[in-house]
Amino acid sequence: MTKPDLSIHDGDQGLRIDHLRKSYKKRVVIRDVTMKVDRGEVAALLGPNGSGKTTTFYSVAGLVVPEGGRVTIDGRDVTNMPMYRRAKLGIGYVPENRDIFPGLTTRQNLILGLKPGQKDGQGRWSMQDMFDLFENLQRRADVEASVLSGGEQQMLTMCRTLMGDPDLVMIDEPTEGLSPQMVQRVAELLQEIAKRGIATLLVEQKLSIALDIAHRVYVMGHGQVVFEGTPQELKEREDVRKEWLEV
């Protein structure tokens, strides 16, 4: 896969996570977590269960309020901001559980992704863009989303998020349970997201997919970042992969 040239994007813009901390019942879950995701960049967040990656991810999305540290989007502090306000500022969240409206059609689901007052085609993405990327969605535009396959529902969830024209997209386990063909389509969509200057934070269990898609990789362990670097640098660190990624 050919990754976009990041030199065309402003490196000072995007997501910044600075010295984040969070505890549950006096047990430290994340400590001093610092990361960044530039515009036009896909950053993969990896680590075993209990490593702190989910808490970090949720702290950016607004599902968890950290005890210390700061989260900023394009320089704006969103650390203590509720999730709905983050969405208005341009944070798009794609959950793992394929969050569709099953009784509505594919087309209606996509329309619901628009921000209040936003019309189709006013942002970086239009409904036709979604249909051009995924012909299956166009063929099933006027059928209830409940009859879509699991992969199609995943595509619909991601596309509906993009309809709101986010500046940061957060995607949780997008390839879980998908066929190899659908995994390839997810990868193509992530590449297209990056080309349009959007920052993407990706939680992905499949190491090979994360390394193929991402420009930057973070590995977490025991609530801390234990590795930061490029996919190629992680490929060369067998010690990190064996200790934290079980490969």
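Helices (H or I, at least four residues) and strands (E, at least two) are DSSP runs, numbered from the N terminus. This is a predicted model, where local features need pLDDT of at least 70, side-chain atom pairs count only at pLDDT 80 or more, and totals for chains, interfaces and linings use all residues. Residues are numbered from 1 along each chain as its sequence is written, and side-chain values use heavy atoms, with hydrogens and water left out.

**Stop 1**

Select strand β1, residues 14-24, and pick out Arg16. Arg16 counts as buried because its relative accessibility is 17% (buried means under 20% relative accessible area, exposed over 50%, partly exposed in between, with a 1.4 Å probe and protein chains only). Now show Asp38: its side chain and that of Arg16 are joined by a polar contact of 2.8 Å. Such a contact is a pair of N or O atoms within 3.5 Å; within protein, one must be able to donate a hydrogen and the other to accept it, and residues adjacent in sequence count only if both atoms are side-chain atoms.

Next, go to the loop between β1 and β2 (27-38), where you'll find Lys25. Lys25 isn't a glycine, yet has a positive phi of about 50 degrees. Lys26 is in the loop between β1 and β2 too, with a positive phi of about 70 degrees, and isn't a glycine either. Most residues other than glycine have a negative phi. Lys25 is exposed, at 85% relative accessibility, and Lys26 is exposed at 85% as well.

**Stop 2: the largest nonpolar core**

A nonpolar core is a set of buried Ala, Val, Leu, Ile, Met, Phe, Trp, Tyr and Cys residues joined through side-chain atoms within 4.5 Å. The largest has 48 residues, and Leu46, Val219 and Leu234 touch the most other members. α7 (180-195) is one of the elements giving two or more residues to this core, and gives the most, with eight.

Centre on Leu234: its contacts (heavy atoms within 4.5 Å) include Leu46, Val219 and Phe227, not counting residues up to four places away in sequence. Apart from this core lies another, of 26 residues, among them Ala61 and Ile91.

**Stop 3: along α7**

Select α7: its 16 residues reach 23 Å from first C-alpha to last, close to the 22 Å expected at 1.5 Å a residue (1.5 Å times one less than the number of residues). Its buried residues include Met182, Leu190 and Gln191. Gly197 follows α7, with a positive phi near 80 degrees.
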